[in-house]
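Look at the sequence and the 3D structure below.

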Amino acid sequence: MFNIILFGPPGSGKGTQSEKLIAKYGLIHLSTGDLLRKEIAAATPLGLEAKSLMDKGQLVPDAVVVGMISSALTANPNANGFLFDGFPRTQAQAEALDKLLDLNKTAINAVLFLQVNEEELIKRLIKRAETSGRSDDANPEIQRKRQDVYKKETLPVAEYYQQFKKVVEISGEGSVDEIFDRLCTQIDSRLGK
Ligand code: B4P
């Protein structure tokens with residue numbers, strides 16, 4: 001099994017690159033953002049709770065997202081591997097993920113960290129707001145809040161994986177295809193290609 005975390009701030013292109021990576025490498029895509037938006041669309045109690053937090057730019061509780069990931073891992077026992085997109089977003093989530101993978105006798109192979117400057121991130125999210133219909137995109141104040149939450153709560157996840165030498169920093173600036181090529185170079189070298 002080959003498991004990757006695609007890591008980076010909101011708007012760094014995790015969702016965009018994930019689509020291309022799963023198509024090329026046959027991995028199962030686990031995006032907690034997408035899973036939460038499905039719950040919101042289905043108006044489940046979990047979705048309603050998540051929406052009120054996401055609309056404020058805050059994170060959903062760890063237990064909720066860890067539960068969703070745990071179910072997805074159990075539902076895919078024969079996967080080639082998983083691409084985690086937007087998860088883990090806190091150190092507690094990272095520790096929980098390591099335990100879940102360990103129970104399944106597997107581990108994270110690499111954390112691919114997309115680096116994009118903040119001005120470019122805000123520009124991308126303002127543009128995404130024109131078409132995404134996402135209420136958490138619509139307001140520039142919420143976008144800034146999401147960048148702040150990222151720095152305080154999510155950046156420590158990179159430090160957590162750095163201690164295991166799993167983090168690879170990759171420029172997330174340039175065209176989608178250029179960034180995709182950089183990601184593939186790193187993955188291929190780990191797959192021995
Ligand atoms: P997510 O759905 O994970 O989304 P994101 O971080 O906003 O965006 P991403 O990095 O995927 O960017 P994208 O490819 O779209 O999170 C949403 C919310 O859900 C969070 O704020 C939180 O509340 C909640 N949540 C999710 N997971 C959670 C967890 N584990 N724990 C707690 N809460 C959680 O790219 C952005 C835009 O840039 C797009 O419009 C794209 O077209 C454009 N773009 C991409 N690459 C580009 C490039 N190279 N050049 C120019 N534009 C580009």
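The questions go from the overall fold to the ligand and then to the backbone.

This is a predicted model, where local features need pLDDT of at least 70, side-chain atom pairs count only at pLDDT 80 or more, and totals for chains, interfaces and linings use all residues. Residues are numbered from 1 along each chain as its sequence is written, and side-chain values use heavy atoms, with hydrogens and water left out.

Q: How many helices and strands does the protein have?
A: Helices (H or I, at least four residues) and strands (E, at least two) are DSSP runs, numbered from the N terminus. From that end, the order is β-α-β-α-α-α-β-α-β-α-α-β-α. The count is eight helices and five strands.

Q: What is the radius of gyration of the protein?
A: The radius is taken over C-alpha atoms, and the globule rule is 2.2 Å times the number of residues to the power 0.38. For 193 residues, a compact globule would come near 16 Å. The protein agrees with that, at 16 Å.

Q: Which element gives the largest share of the shell around the ligand?
A: Elements giving two or more residues to this shell are α1 (14-25), α2 (32-41), α6 (118-132) and α8 (176-190). The largest share is four residues, and it comes from α2.

Q: Which side chain has an N or O atom 2.5 Å from an oxygen atom of the ligand?
A: A polar contact is a pair of N or O atoms within 3.5 Å. A polar backbone atom of Ser12 is 3.4 Å from a ligand oxygen. A polar backbone atom of Gly174 is 3.0 Å from a ligand nitrogen. The side chain at 2.5 Å from a ligand oxygen belongs to Arg146.

Q: How much of the accessible area of the ligand does the protein cover?
A: Accessible areas come from the Shrake-Rupley method with a 1.4 Å probe. On its own, the ligand has 1000 Å² of such area.

Q: Where is Pro88 found?
A: Most peptide bonds are trans. A cis bond joins Phe87 and Pro88, with omega about -5°. Pro88 is in the loop between β3 (82-85) and α5 (91-103).

Q: What is phi of Lys105?
A: Most residues other than glycine have a negative phi. Lys105 lies in the loop between α5 and β4 (110-115). Its phi is positive, near 55°.

Notes. A polar contact is a pair of N or O atoms within 3.5 Å; within protein, one must be able to donate a hydrogen and the other to accept it, and residues adjacent in sequence count only if both atoms are side-chain atoms.
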